[in-house]
Amino acid sequence: SAENSMTAKDAFNGVNWRTFSLWDAGNQRTGTVYNNGGSGAYSDEQFIPLYKGGWLYVNENGTVLGYA
């Protein structure tokens, strides 16, 4: 369920971002990849699971605000 979570597009709104890669702690590797403007498996319309971390790759300096 997407309850209380956000799409990558909404979560990084206002940031000039390129890619967000989730970290799969159990397997010690990157997991789902979201691309700004992407489609299919890499769509920015996918929901980011709550309480998961990852790496955000940006095109310029900016501020990312947390959400809850």
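Me: Which residues form the aromatic cluster?

Reply: In this predicted model, the aromatic cluster consists of F12, W17, F20 and Y34. The structure holds 4 aromatic pairs. One of them joins F12 and F20, with 5.2 Å centre to centre and 55° between the planes.

Me: Why is the pair of F12 and F20 called tilted?

Reply: Ring centres must lie within 6.5 Å to pair, and those of F12 and F20 are 5.2 Å apart. Planes under 30 degrees apart count as stacked and those over 60 as edge-to-face. The angle here is 55°, and therefore the pair of F12 and F20 falls in the remaining class, tilted. Both F12 and F20 are buried.

Me: Why is S21 called buried?

Reply: Buried means under 20% relative accessible area. S21 has 8%, so the term applies. S21 lies in strand β2.

Me: Which residues does S21 touch, not counting residues up to four places away in sequence?

Reply: S21 touches T30, T32, V33, G53, G54, W55 and Y57.

Me: What makes W23, W55 and Y57 a nonpolar patch on the surface?

Reply: Members of a patch need over 30% relative accessible area and no salt bridge, and nonpolar side chains are joined within 5 Å. Y57 has 37% relative accessibility, so it passes the 30% cut-off. Together, W23, W55 and Y57 have about 300 Å² of accessible area. Y57 is placed in strand β5, residues 54-58.

Me: Why does Y57 count as partly exposed?

Reply: Partly exposed is the range between buried, under 20%, and exposed, over 50%. Y57, at 37%, therefore counts as partly exposed.

Me: How do you know that E45 and K9 form a salt bridge?

Reply: The criterion is a side-chain nitrogen of Lys or Arg within 4 Å of a carboxyl oxygen of Asp or Glu. For E45 and K9 the distance from N to O is 3.4 Å, so the pair qualifies. The count by this rule is 1 salt bridge. The pair links distant parts of the chain, 36 residues apart: E45 is in the loop between β3 (29-35) and β4 (47-48), while K9 is in helix α1 (residues 8-11).

Me: What else does E45 contact, leaving aside its neighbours within four places in sequence?

Reply: On that basis, E45 is in contact with T7 and K9.

Me: What makes the phi angles of Q28 and Y51 worth noting?

Reply: Most residues other than glycine have a negative phi. Q28 is not a glycine, yet its phi is positive, at about 55°. Y51 is not a glycine either, and its phi is about 65°. Q28 is found in the loop between β2 (17-24) and β3, and Y51 in the loop between β4 and β5.

Me: Why are Q28 and Y51 called exposed?

Reply: Exposed means over 50% relative accessible area. Q28 has 56%, so it is exposed. Y51 has 83%, so it is exposed as well.

Me: Why does L50 count as partly exposed?

Reply: L50 has 32% relative accessibility, which is between 20% and 50%, so it counts as partly exposed. L50 is found in the loop between β4 and β5.

Me: How do you know that the radius of gyration agrees with a compact globule?

Reply: With 68 residues, a compact globule would have a radius of gyration near 11 Å; the chain has 11 Å, so the two agree. The C-alpha atoms fill a box of roughly 30 × 25 × 25 Å along the principal axes.

Me: Which pattern does the chain follow along the sequence?

Reply: The chain follows the pattern β-α-β-β-β-β, with 1 helix and 5 strands. Buried residues make up 22% of the 68 residues.

Definitions and conventions:
Residues are numbered from 1 along each chain as its sequence is written. This is a predicted model: local features need pLDDT of at least 70, side-chain atom pairs count only at pLDDT 80 or more; totals for chains, interfaces and linings use all residues. Side-chain values use heavy atoms; hydrogens and water are left out. Patches are made of residues with over 30% relative accessible area and no salt bridge: like charges are joined within 9 Å, nonpolar side chains (Val, Leu, Ile, Met, Phe, Trp, Tyr) within 5 Å. Accessible areas come from the Shrake-Rupley method with a 1.4 Å probe; for residues, only the protein chains shown count as cover. Helices (H or I, at least four residues) and strands (E, at least two) are DSSP runs, numbered from the N terminus. Buried means under 20% relative accessible area, exposed over 50%, partly exposed in between (1.4 Å probe, protein chains only). The radius of gyration is taken over C-alpha atoms; the globule rule is 2.2 Å times the number of residues to the power 0.38. Rings of Phe, Tyr and Trp (its six-membered ring) pair if their centres lie within 6.5 Å; planes under 30 degrees apart count as stacked, over 60 as edge-to-face and the rest as tilted. Contact means heavy atoms within 4.5 Å.
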